[in-house]
Amino acid sequence: MEFLIASAIGILTAAGIYLVLRLRSFPVILGVSLLTYAVNIFLFTSGRITIGASPILQKDVTTYSDPLPQALVLTAIVISFGMTAVVVMIALGSYLGSNDDHVDDPKVEPSETEDAT
């Protein structure tokens, strides 16, 4: 089980880094989302992987799961959803303003008319 989750975290991280290094805004947004999913799974698994365990200590309970990583992941999901919405709106505004969705600014080369003068 741990190997499967560690592999999923690694695949999400690798795909996220690959997409972040692209030069278009939509793959960058998807890459950042994949990286946040990988971090959320990592935080969730840091509270020990237990199936059917109670998150709250009670009498006669020997195994329990730590509720702190679960609360951190829930908070991170809400924050990443809000930040993704903000980044999508910024990218959409940039695309509508320049009719191009490149992440970096293209180098401006002098035109041929300026060279003739």
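Leaving aside neighbours within four places in sequence, Asn-40 is in contact (heavy atoms within 4.5 Å) with Val-73, Ala-76 and Ile-77. Asn-40 belongs to helix H2, which covers residues 25-45; helices (H or I, at least four residues) are DSSP runs numbered from the N terminus.

The model is predicted, so local features need pLDDT of at least 70 and side-chain atom pairs count only at pLDDT 80 or more, while totals for chains, interfaces and linings use all residues. Residues are numbered from 1 along each chain as its sequence is written, and side-chain values use heavy atoms, with hydrogens and water left out.

Helix H2 also contains Ser-25. Not counting residues up to four places away in sequence, Ser-25 touches Ala-91, Asp-101 and Val-103.

Helix H3 spans residues 67-98 and includes Met-89. Ala-71 is likewise placed in helix H3. Between Ala-71 and Phe-44 there are 9.0 Å in space, C-alpha to C-alpha, and the two are 27 residues apart in sequence.

The table gives relative accessible areas, where buried means under 20%, exposed over 50%, and partly exposed in between (1.4 Å probe, protein chains only).

| Residue | Relative accessible area | Class |
|---|---|---|
| Asn-40 | 9% | buried |
| Ser-25 | 17% | buried |
| Ala-71 | 39% | partly exposed |
| Met-89 | 54% | exposed |

Met-89 also takes part in a nonpolar surface patch of about 490 Å², together with Val-88, Leu-92, Tyr-95 and Leu-96. Patches consist of residues with over 30% relative accessible area and no salt bridge, nonpolar side chains (Val, Leu, Ile, Met, Phe, Trp, Tyr) being joined within 5 Å and like charges within 9 Å. A salt bridge is a side-chain nitrogen of Lys or Arg within 4 Å of a carboxyl oxygen of Asp or Glu.

Terms used:
Helix = DSSP H or I, 4+ residues; strand = E, 2+ residues; numbered from the N terminus. Areas by Shrake-Rupley, 256 points an atom, 1.4 Å probe, with all protein chains shown as cover.
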